[in-house]
Amino acid sequence: MPDVLDATPYDALLLLSFGGPEGPEDVVPFLENVTRGRGIPKERLKEVGQHYFLFGGVSPINDQNRALLEALRKDFAEHGLDLPVYWGNRNWAPYLTDTLREMVADGRRRILVLATSAYASYSGCRQYRENLADALATLQDEGLELPRVDKLRHYFNHPGFVEPMVDGVVASLAELPEEVREGAHLAFTTHSIPTASADTSGPVAGHGDGGAYVRQHLEVARLVAEAVRERTGVEHPWQLVYQSRSGAAHIPWLEPDICDHLEERHAAGVPAVVMAPIGFVSDHMEVLYDLDTEATARARELGLPVRRSATVGADPRFAAAVRDLVVERSAVERGREATPCALGGLGPSHQVCPVGCCPARAARPAAAGADSPYA
């Protein structure tokens, strides 16, 4: 086997995702799992629950993870990367702890983790690492031999993540009526988070004014917009906007909201908007409801033509990017030189999150074996 496709010392990859209900009876317990200890108002839980019931109580995220799981296995097999791929969720079956227990039973001792979140933030990175630490602590209490678990670096600016989004925006522009296409604006959307969390995202040296979370999204938006200009010959104005706010009203969150942005663009005379959900790996519920349902309905009320571009999902280029990240991290662990792949000016992210990066709400030690320094 070529050395560049050597996964040593790792013996498995874990696809770690958020999880979602797969039927009406799952919605309430799923939301209770998600919000445990977070102080989310009951009114907000009822509201979000109705979003799921509009789609039969089924989130698309689990099927999308099954598709990504299959794409990863297919890509690894076709390129000679001998690495089994497992799947576990934070908030619904298959649960992370159960999957790790299965991996231990299968003899896996060095595990790489791919989180379905591309950017730096507490909820998008450190919380996944805390979940891993909690699961490992449970296995330790059960007397099981703990594997070493390492999370793959952020991949927001990897070509395999960016290029499918460029295709999606170009395709959405082509779907707009010809008379409004050239003047269309691009609204790059991501999940809103508290400004305090954004300001402390990424390494300590970069904290403040949105931190790494905003900076990374702005970079991806710029990369996509420039690639669209090169592809179409038209420079479309763009802005980073936010969606899916869920916190208490008195806590500042990142703005503007996508619906407010659509109203402002319409008032400014913009003829059309393409909504590009660059903050999401796949078309899960927050994309289907907040963009395809709520924002699209608001645009319809305004008489503003909109289209929503595709997320990366199980695109073969994304699967190839994951293979690239696996080979890269494996080489680093073997003490070999690796050349990380990244577009734009921010460069590749760190391999191991430094202390103080995306700090937790409260200091907590990591369980033995977890790649999780704490602050």
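This is a predicted model: local features need pLDDT of at least 70, side-chain atom pairs count only at pLDDT 80 or more; totals for chains, interfaces and linings use all residues.

Analyst: We may begin with R110, which is placed in strand 3 (residues 110–115). Strands (E, at least two residues) and helices (H or I, at least four) are DSSP runs, numbered from the N terminus. Residues are numbered from 1 along each chain as its sequence is written.

User: Is R110 buried or exposed?

Analyst: R110 counts as buried because its relative accessibility is 18%. Buried means under 20% relative accessible area, exposed over 50%, and partly exposed in between (1.4 Å probe, protein chains only).

User: What does the side chain of R110 make a polar contact with?

Analyst: The partner is the side chain of E333, at 3.1 Å. A polar contact is a pair of N or O atoms within 3.5 Å; within protein, one must be able to donate a hydrogen and the other to accept it, and residues adjacent in sequence count only if both atoms are side-chain atoms. Leaving aside residues up to four places away in sequence, R110 touches P9, Y10, D11, A12, R148, D150 and E333. Contact here means heavy atoms within 4.5 Å.

User: Let us change topic. Why is strand 5 described as largely enclosed?

Analyst: Strand 5 (residues 185–191) is largely enclosed by the rest of the structure because six of its seven residues are buried.

User: Which strands pair with strand 5?

Analyst: Strand 5 pairs in the parallel sense with strand 7 (residues 273–276) over four bridges, and with strand 6 (residues 238–243) over six bridges, also parallel. Two strands pair if DSSP finds at least two bridges between them. H185 has V273 of strand 7 as its bridge partner, and H191 has Q243 of strand 6.

User: Where do the side chains of strand 7 point?

Analyst: In a regular strand the side chains alternate between the two faces of the sheet. From strand 7, V273 and M275 point one way and V274 and A276 the other way, and all are buried. Strand 7 also runs parallel to strand 8 (residues 306–308), joined by three bridges, with V273 opposite V306.

User: Now the second largest pocket: how much space lies in it?

Analyst: The second largest pocket holds about 200 Å³. Its lining has two nonpolar, three polar and seven charged residues, including R44, Q243 and D290. Helix 2 (42–53), helix 10 (258–267) and helix 11 (285–302) each supply at least two lining residues.

User: How are those terms defined?

Analyst: On a 1 Å grid over the protein atoms alone, a pocket is an open set of points where a 1.4 Å probe fits, with protein on both sides within 12 Å along at least five of seven lines; lining residues have an atom within 4 Å of a point. Grid points are joined across faces, edges and corners, and a volume is the space filled by probe spheres set on the points. Ala, Val, Leu, Ile, Met, Phe, Trp, Tyr, Cys and Pro count as nonpolar, Asp, Glu, Lys and Arg as charged, and the others, Gly among them, as polar.

Technical notes:
Side-chain values use heavy atoms; hydrogens and water are left out.
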